[in-house]
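Hi,

Here is the structure I promised to pass on. Have a look at it first, and then read my notes below.

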Amino acid sequence: MEPELEVDVAVLGSGAAGLVAAIAAADHGASVTVFEKSELIGGTSAISGGIIWIPNNHLQAEAGIADSRHEALAYFESLSLGQIDSDMAATFVDVGPEMLAHLDANTPCSFHLLPTYPDYHPEHPGGLAGGGRSIDNGLFAFGELEEWADRIRVNRPNPVMLIETPLGGASEMPSSDTLVSRAAAGQNGMGLGLVGALVRGCLDRGVTFRLGAAANHLTTSDQRVTGVQVVSEDHVIEVRASAVVLATGGFEWNEELCRTFLRGPMSAPSGSPDSTGDGLVMAMEIGARLGNMRNAWWVPVTRADGAQKWGADRPHLVLLERTRPGSIMVNRSARRFCNEAGNYNAMGGVFHQFDPATFDYPNLPAWLIFDHRHKTTYDVASCQAADPPAEWMVQAETVEGLAAQLDLDPVVLRLTVDKFNANARNGEDPDFQRGDSAYDAFNGDQSLDGIAATLGPLDRGPYYALPIESGSLGTSGGPKTDTRCRVLSLGGGVIDGLFAAGNVMAAPTGMVYGGAGGTLGPAMTFGFIAGREAASAGT
């Protein structure tokens, strides 16, 4: 078929990785079109917290926070379990600061430190307990997008920066007057602000967008990718391109691919429902080498509150609820099984523990148990602290009564709660060391000091419970690339003309999630590399 469209670089997907790739390619002189199968721009990035994890960045230097290439690489090595590609990790550490500085200086993006946000494993070699590697983005006024403002994936307006929320370490949110004023001005922060600013950066460079355009086949000639086939409104568009950048996200919404590749259960994806593995399948069709396929960016979630998103239950990421005092998690045996305040990605491992005797996963489902003091002090999922208990909360006047409703052994649950309470009153958790890490306390109650921020008894009835599932922010396996983001061939060498970045690629950090923004930082860095490399692919 004769091409209906010719472009230097075709970017498939409009999340942060794809948008940064488009900006980088345009900055290196290429004509660029972004193809997005949804009618909305932004993918999972738009509904994320928008935080970017970049070691040794320029904002750290300006703030006098010590960091180095050596420390960052030592941190990765200490967490890698032999699954990380050292060249890819080094490339991320080396190019990440360049990417961040370039966007800061040359696009509407504006960045600032989350100054006290610790790395997720701050006690490991090279980890930073005092923060500096996690970067928040400022507010962006959607009015600057003109007619494109309504084409960004928006669940609801979000006129707040993460640094202003408990997740970012704030003790209280901005006033309602401030939020109303920002909303009236169309200002958004977090993932919306990041995507909005990146889209504006693309538009300023003449990048074009084709929405409702689903790529389904890479065209090749003489073992080189020469373009892509895109379906839009049942019409097949043949696109000729010097280079194609895969930035289509993971495969977490494709049940067959999840069953085939993931190492354990993942019942509740929480990213964009358009992440169905399109880029992975297209790369496999032309012989791409794969890597990191069993891993994902794991997170505990609950669907108990029944909030709706995209026509289905919206999983709620359970973080603050399990970290603040007065709560624990138990398994089907009514026993604790982990440090509840641990980072969400590493927690995926406890949900995948397999018992060969019973031939099942004993920690699924799990239950978050909390008392009335916790309920009336903190928000729980979509239920505000000042609200009466929600009907979706399982509740009982006693621990034993709660156990009966959850089909748990009441004697064992009572013993579990009593043991935890006794240790918590002594300011210790000898079973799972909850509160020992600086990360644990950071996500706890910031009004309390030290270990008390996360470790406190649950001893005031009534008692409540929420079911916990194994969810993910996205998968992290896909076509392997070299340090220039060129997709590697199963037969050896690279597939000329094909690049990948973001969750569609084999994660450059392996299974390591370094800190807040541990997906967006590498995604944007390798998007930056992919864009500039793709721009030179035809020269």
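Let's start at a proline: P365 sits in the loop between helix 11 (348–351) and strand 19 (366–371). Helices (H or I, at least four residues) and strands (E, at least two) are DSSP runs, numbered from the N terminus. The bond joining L364 and P365 is a cis peptide bond, with omega at about -5°. You'll find another cis bond between G461 and P462, where omega is about 0°. P462 is placed in the loop between helix 15 (438–442) and strand 21 (463–475).

Before you go further, a word on the model and the numbering. This is a predicted model, where local features need pLDDT of at least 70 and side-chain atom pairs count only at pLDDT 80 or more, while totals for chains, interfaces and linings use all residues. Residues are numbered from 1 along each chain as its sequence is written, and side-chain values use heavy atoms, with hydrogens and water left out.

Two aspartates are worth a click too. D234 has a positive phi of about 65° although it is not a glycine, and D407 has a positive phi of about 60°, again without being a glycine. Most residues other than glycine have a negative phi, and most peptide bonds are trans. D234 lies in the loop between strand 10 (224–232) and strand 11 (235–246), and D407 in the loop between helix 13 (399–406) and helix 14 (410–425). With a relative accessible area of 79%, D234 is exposed, and D407 counts as exposed at 70%. (Exposed means over 50% relative accessible area, buried under 20%, and partly exposed in between, with a 1.4 Å probe and protein chains only.)

Now the whole protein. It has 16 helices and 24 strands. A compact globule of 539 residues would have a radius of gyration near 24 Å, and the protein's 23 Å agrees with that; the radius is taken over C-alpha atoms, and the globule rule is 2.2 Å times the number of residues to the power 0.38. The C-alpha atoms fill a box of roughly 70 × 55 × 45 Å along the principal axes. Of the 539 residues, 58% are buried. Taking contacts (heavy atoms within 4.5 Å) between residues at least 6 apart in sequence, 74% join residues at least 24 apart.

What about the inside? The largest nonpolar core has 114 residues, and V32, F111, L198, V199, F209 and M524 have the most contacts inside it. Helix 1 (residues 16–27) gives the most to this core, with ten residues. A second, separate core of 21 residues includes A334, W367, A403 and L458. By nonpolar core I mean a set of buried Ala, Val, Leu, Ile, Met, Phe, Trp, Tyr and Cys residues joined through side-chain atoms within 4.5 Å. Not counting residues up to four places away in sequence, L198 touches A16, L19, V20, I23, L103 and C109.

S45, in helix 2 (residues 43–46), is buried with a relative accessible area of 11%. Leaving out residues up to four places away in sequence, S45 touches G15, A16, G191, V195 and L520. A523 belongs to helix 16 (residues 520–535) and counts as buried at 10% relative accessibility. With that sequence limit of four places again, A523 touches A17, A501 and G502.

Cheers
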